[in-house]
Amino acid sequence: MLTKVTDCMTTVVPMVNCNASFRDVVIEVSSKKLGITMVTDETGMVTGIITDGDIRRAVQKHEELQTLTAKDFMTHSFKSVLATDMINDALEIMDVNKITTLAVKEKSDATAPIIGILHIHDIYGFRKK
């Protein structure tokens, strides 16, 4: 495949602040239909990710969901690719890490903004745009 990440990614990036309530996180994940949301700190820098799996684990672990904020159950590390990377490389990262979504950046700098999301359904054309 000679396709690049930029050819398949969506530029819709689900995003919540680290102080967002559990409810607001679930609403953002559900409304964008990607199964994830990125989490930003007070300065707007992306510091983590929350996936459907993180939400399920939070429900199992915490009794008082209404007191949870995004920073309480987000995953601090997340996988990303460059928009110019080849789709085959992105698929390899997904396969090795057993994930279905990658954050997309323009440059490999750790502080580079997230410009898109690559979901496995976008690669295989399952998602209607």
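Visitor: Which residues does Thr69 touch, not counting residues up to four places away in sequence?
Guide: This is a predicted model, in which local features need pLDDT of at least 70, side-chain atom pairs count only at pLDDT 80 or more, and totals for chains, interfaces and linings use all residues. Residues are numbered from 1 along each chain as its sequence is written, and side-chain values use heavy atoms, with hydrogens and water left out. Thr69 lies in the loop between helix H3 (52-61) and helix H4 (70-73), where helices (H or I, at least four residues) and strands (E, at least two) are DSSP runs, numbered from the N terminus. With contact taken as heavy atoms within 4.5 Å, the residues touched by Thr69 are Cys18, Asn19 and Ala20.

Visitor: Is Thr69 buried or exposed?
Guide: Buried means under 20% relative accessible area and exposed over 50%, with partly exposed in between (1.4 Å probe, protein chains only). Because its relative accessibility is 17%, Thr69 counts as buried.

Visitor: What is the relative accessible area of Cys18?
Guide: Cys18 is one of the residues that Thr69 touches. Cys18 is itself buried, and its relative accessible area is 7%.

Visitor: Within what arc do the buried residues of H5 fall?
Guide: The buried residues of helix H5 (residues 87-97) are Ile87, Ala90, Leu91 and Met94. Seen down the axis of H5, these residues line one face of the helix, because the directions from the helix axis to their C-beta atoms fall within an arc of 100°.
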